[in-house]
Structures are given as C-alpha cells and as structure tokens.
Amino acid sequence: MKQKITLKHIARELDVSISTVSKALKNSEEIGRDTKEKVQAFAKLYNYKPNNIAISLKNKRTKNIGVIIPDIVHHFFTTVFRGIEKYANEQGYNVIVCVSDESFDKEVINMELLANGSIDGFIMSLSAETQQKNDFNHLKEVTEQGVPLVLFDRVTDEVACDKVVIDDFEISYKATKNLIKNGRKKIALVTTENYFNVSKKRAEGYTKALMDNGIAANKALVLKLPYNGESDTIIDAFFDAHDIDAVLCVNEIFAITCMRAVQKKGLRIPEDISFIGFTNGILSRYATPTLTTVEQHGEKMGEVAAKMLIERVENDIDEEEENFKTEVIKATLIKRDSTS
C-alpha cells in the first residue's frame, strides 16, 4: 500500500469498527484474542504508524474545543465564533480560537498547536489557500484517526466529517430574483474565485435566477476580486466599463467598497443602481445608504457546529462516513435602503 494506512483502513479491511481496531492495537481486554491478533498482524504487515496529533487528542478528555477561522475582519466569522463559544460554555467546554489568515501553512500549524495543547476536537472554516491548493491531507489524517471535526461555511466533500452551511444557492437565487422584481436587468455579481465553495454556489444561484427570468447571463458582468489585496482600482475600472443597474456581492466588504466606487462616479443608490451583499454586519447597518443584506445567521451556525462536535465527543460515536451529517441553515434577506 502506497497510501498511509489508518485506523479507518484497517477497520474497513477487517470488517470491524474503528473503536475495535483502536482497542485491539492497545491490547485491550475488551477485545477477543483472535480479533486482537488479526488486527495487530494486519497493522504490522502494512507498517501502521499512529498519527501523533490524533493520539494526543484521543487519549484525553480536556473539555476544550479548538476553533480555526480564516480571518477576523469579516463580521460573519466573529458571529459564528460567538455562537460556538456560547453553546460550548453552556455545556462546560472551553474554546480556543486560532486564525489561519487565509494561509494553508498557518492552518496546518494551528491544528498542530491546538493538538499539542490538548483539545477534544476541531471546528473549522477552510482557509482560502487550502481551498485553492485543494489539499486536505492534514484534515484527513486527523479524521481518519477518529478525531471529531466539524467544518462550517467553507467546506469540502473531500473530507468525511460533519458540516454546517447555509443554503448559498437558494438565497443567492432569491436575492437576484428580488433585484429583477424591482425592474433591474443589468445585474452584476462581485465575487471571489470559484475554488471558494460558497462563491461557486452563490454564482450558480445568481446565474439560474437570471436565466429563469429571461435575462442572459453575461460573463462580463461577473467581477472576481482577490481575497487578499487592494481591489479599489479593479472595482473602479469595472464600473467605468459597464452599464450596471444592480449588484450582488458575496460579502459586505465588497458591497460597501463597490457602493463607494459608484457614488464617486455620481450614481445614486438605489435610484440608479441597487446593491445586495452577504453578511448582515455593522458595515451594512451603518453604510450610507444602509445595505440590503443576506443574513447568514452566524451565531446559529456556530451553535449547531458546537452541538454536533460535542455530541461526537461525549457519545464517542464511531467516525463512520454514513453517520456524518450536513446541517443547512436557512439564510434570510434583510431589506434596507440600498434596494428600491
């Protein structure tokens, strides 16, 4: 076997549970001699080596949860963390948070750091670089050893674990349809690259709403902005080049920046151009005019993620793929002055 062998592989090959394999390798009296010998022989044959991060997590119950978020600039991630902490504290758990700063390397280091500090499991939203690289081995190594992991918002199908997301496609469709109902026909989308799973789904909802309402999707009206870097010049050039009467933005920072750009050009909001942005944060409520937003219910997402993780920890549920759930939170549209 070229692939690194894990508890999960051994369990699958021998048709036993992961916990049976784990106990057999520890020579537990709970496991029969024949099963122990079979498991240990298989592990030796394929040169099984336990994952040190996973061992440090599984050997103790610490009542600590590790949380890794991509940044602290976006209001959404701070609200999710608030929800995680509130629920976890009520259940007697402490929460340790790290920020990956959208970096793959920092995400990996954060996982190792939290594991060495001894926690019972992880709640994470993937960094931009992790999604861009499409490299999830650091997550797979931990989950395949039976360590609980819950991914939220930015998730991947490559990792078998519990997940919490919003209905990105549906709410994007609804937001775009709302703009069309208000007579808008030249609707732009300001987004990030499609390796962000949330941006991909929101772009799909936007495109479907246009098509269902007889408006041709125009690729020229889709602006993809870098997640890390100055975008003012790009935004100014985009609005100079195109005649647009409405904009859907995948986050509120993009929305506020674009609103400022069109106001500099002398356009009135919402009379000349309407705006909707994702994330119902402070910027949205205090912008001029106030921004119509998609409320992602970050606190609820955090609460659900914490509940899923703590249930895994306390019930010691075997990490079998068929047991994993994806909870979908229904987002809502909050109408304000940026739409007519």
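## A word to start with

Two residues are in contact here when heavy atoms of theirs lie within 4.5 Å. Keep that in mind as you look at valine 247, which touches Leu179, Ala188, Val190, Phe239, Ile273, Ser274, Phe275 and Ile276, leaving aside residues up to four places away in sequence. Please remember, too, that this is a predicted model.

## The whole protein

How many helices and strands does the protein have? The count is 14 helices and 12 strands. Along the principal axes, the C-alpha atoms fill a box of roughly 80 × 40 × 30 Å.

The protein has 340 residues, and 53% of them are buried. Now take the contacts with a separation of 6 or more: residues 24 or more positions apart account for 74% of these.

## Nonpolar cores

In soluble globular proteins, nonpolar side chains tend to be buried together. In this model, the largest nonpolar core has 66 residues. Val247, which we met above, is listed with Ile123, Phe152, Val164, Phe239 and Phe275 as having the most contacts inside this core. Which helix gives the core its largest share? That is helix H14 (residues 298–315), with 8 residues.

There is also a second, separate core, made of 18 residues. Val147, Leu149, Leu151 and Val165 are included in this second core.

## A residue of helix H14

Helix H14 also holds glutamate 311. Is glutamate 311 buried or partly exposed? Buried would need a relative accessibility under 20%; glutamate 311 has 31%, so this residue counts as partly exposed.

Glutamate 311 and serine 17 are 294 residues apart along the chain, and their C-alpha atoms are separated by 19 Å.

## Where two helices cross

Next, find helix H9 (residues 168–181) and helix H10 (residues 197–212), whose axes come within 7 Å and cross at roughly 40 degrees. Angles under 35 degrees would count as roughly parallel, and 65 to 115 as roughly perpendicular; H9 and H10 are therefore oblique to each other. Their crossing is right-handed.

Which residues make the contact? From H9 come Asp168, Phe169, Ser172, Tyr173, Thr176, Lys177 and Ile180. H10 brings Val198, Lys201, Arg202, Glu204, Gly205, Tyr206, Lys208, Ala209, Leu210 and Asp212. Sorted by class, the contact of H9 with H10 has 7 nonpolar, 3 polar and 7 charged residues.

Conventions. Residues are numbered from 1 along each chain as its sequence is written. This is a predicted model: local features need pLDDT of at least 70, side-chain atom pairs count only at pLDDT 80 or more; totals for chains, interfaces and linings use all residues. Side-chain values use heavy atoms; hydrogens and water are left out. Axes are lines fitted to C-alpha atoms, for helices over the stretch in contact, and angles run from 0 to 180 degrees between N-to-C directions. Helices (H or I, at least four residues) and strands (E, at least two) are DSSP runs, numbered from the N terminus. Angles under 35 degrees count as roughly parallel, over 145 as roughly antiparallel, 65 to 115 as roughly perpendicular and the rest as oblique. A crossing is left-handed if the near helix is turned anticlockwise from the far one by less than a right angle, and right-handed if clockwise. Ala, Val, Leu, Ile, Met, Phe, Trp, Tyr, Cys and Pro count as nonpolar, Asp, Glu, Lys and Arg as charged, and the others, Gly among them, as polar. A nonpolar core is a set of buried Ala, Val, Leu, Ile, Met, Phe, Trp, Tyr and Cys residues joined through side-chain atoms within 4.5 Å. Buried means under 20% relative accessible area, exposed over 50%, partly exposed in between (1.4 Å probe, protein chains only).
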